[in-house]
Amino acid sequence: MTETTTRTAPDSGTEVTLPVQTDQLRLATAGSVDDGKSTLVGRLLHDTKSVLADQLDAVHRASADRGLATPDLSLLVDGLRAEREQGITIDVAYRYFATPKRSFVLADTPGHVQYTRNTVTGASTAQLAVLLVDARNGVVEQTRRHAAVLALLGVPQLVLAVNKIDMVDFDEAVFTRIATEFTEHARALGYRYGTVVTIPVSALHGDNVVERSANTPWYEGPSLLEHLEQVPVAPDPHDAPFRLPVQYVIRPRTAEHPDYRGYAGQVAAGVVAEGDEVVVLPAGVRTRVSKVDTPNGPQPKAAAGHSITLLLEDDVDVSRGDLIAAADSAPELTDELDATVCWLAEKPLKPGAKVLVKHGTRTVQALVTELSARFDEQELSSVDSPDALQLNEIGRVQVRTAEPLPVDAYADSRRTGSFLVIDPADGTTLAAGLIGVPLAPFAAG
């Protein structure tokens with residue numbers, strides 16, 4: 001049975017009962033090509049008995065067809081035909097598994113440089129990231145790039161899995177050298193003591209993945225799964241002020257519901273309850289919640305992650321793209337975004353670019369007015385006033401939007417503190433932007 005906790009809704013003072021979020025951990029894997037990410041994920045699924053019998057049979061058959069003596073567990077997660085043929089991960093593969101202590105949502109992200117955009121997608125909601133390195137190669141350029149992206153996205157916990165430790169004869173000195181180098185790099189990116197853990201593993205043979213291995217007697221820490229089961233998760237999004245980006249306005253106009261007018265969307269942050277005072281942005285009109293509808297019928301309250309339909313006491317003008325927020329903790333309305341972006345397109349970004357900005361459910365025209373800095377994730381330094389941002393580069397930009405947007409700082413609310421930059425010509429996603437995230441902490445080294 002899921003544990004629950006009682007909280008006070010910040011807007012109304014109403015006590016509400018909510019599920020305890022520490023039951024679940026959202027994590028992502030990242031690393032360079034051939035570091036063994038998919039094999040590690042497959043090993044976790046296999047050894048926690050999270051694989052159906054027919055799936056395992058299919059992996060055994062596919063492995064035998066390739067002439068392998070043992071099953072290739074990476075096939076459990078590399079689902080696309082192109083991935084299997086090339087032996088790489090291209091798409092973000094989401095997998096779900098559980099132990100008696102915790103359930104997990106895992107995003108297996110690609111290792112190739114050209115798929116860094118998929119890593120951004122997979123890590124954007126992660127509470128922890130497992131970053132793999134090959135024990136034979138140590139920390140490489142892509143390792144440092146991924147660590148910078150994870151720090152930028154605010155992923156609070158890192159695990160460095162030094163994989164293929166069996167291929168260096170379980171050498172403690174090799175592990176210590178890699179662990180020391182990466183920990184220093186992570187500290188320079190802003191990670192504090194205790195938020196970075198290094199574990200020697202062999203995904204192929206299972207050493208220190210689920211159970212601690214006798215092959216590494218010099219390692220006294222937990223196995224990877226033990227650490228995932230006990231690591232503290234990020235702060236509960238229920239504690240943030242209420243935010244609901246309006247996805248759809250529901251007006252049935254039927255004989256049964258002639259006057260029904262509801263505003264549907266997924267709660268991005270906080271708690272909302274009947275009677276709460278809210279404000280509709282960007283209009284700034286205040287009203288109160290008269291009803292909280294859900295797929296399971298009316299409820300007295302709803303929390304972050306719930307899909308709901310709000311009914312309001314007053315007949316106010318609300319449209320798709322509006323934001324319904326806690327009246328006493330409303331976000332700032334601004335048409336000037338000062339943000340850090342990860343550029344995801346082949347075409348470089350230059351000052352003066354005309355783009356679309358998608359924030360929540362609202363999309364507006366925008367102009368990139370300035371590129372103030374570019375971050376060098378290898379040297380941990382910044383370059384002021386670059387001419388352009390190239391594919392996978394991280395930079396600080398100023399964007400002017402055609403209409404004011406209700407934005408939060410990314411550190412306060414991931415959902416309403418982030419945005420997408422879109423090509424107005426074809427709808428391609430060009431960048432992921434994080435409001436109020438400075439380059440300075442990353443460039444301190």
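Mentor: Contact here means heavy atoms within 4.5 Å. The model is predicted, so local features need pLDDT of at least 70, side-chain atom pairs count only at pLDDT 80 or more, and totals for chains, interfaces and linings use all residues. Residues are numbered from 1 along each chain as its sequence is written, and side-chain values use heavy atoms, leaving out hydrogens and water.

Trainee: Happy with that! Which residues of α6 are buried?

Mentor: Buried means under 20% relative accessible area, exposed over 50%, and partly exposed in between (1.4 Å probe, protein chains only). Helices (H or I, at least four residues) and strands (E, at least two) are DSSP runs, numbered from the N terminus. In α6, the buried residues are V174, F175, I178, A179, F182, H185 and A186.

Trainee: What covers the buried residues of α6?

Mentor: The cover includes β6, α5, β7 and β8 (196-200).

Trainee: And which residues have the most contacts inside the largest nonpolar core?

Mentor: Such a core is a set of buried Ala, Val, Leu, Ile, Met, Phe, Trp, Tyr and Cys residues joined through side-chain atoms within 4.5 Å. The largest has 43 residues, and L153, V155, V162, F182, L189 and Y191 have the most contacts inside it. α6 (172-188) is among the elements that each supply at least two of its residues.
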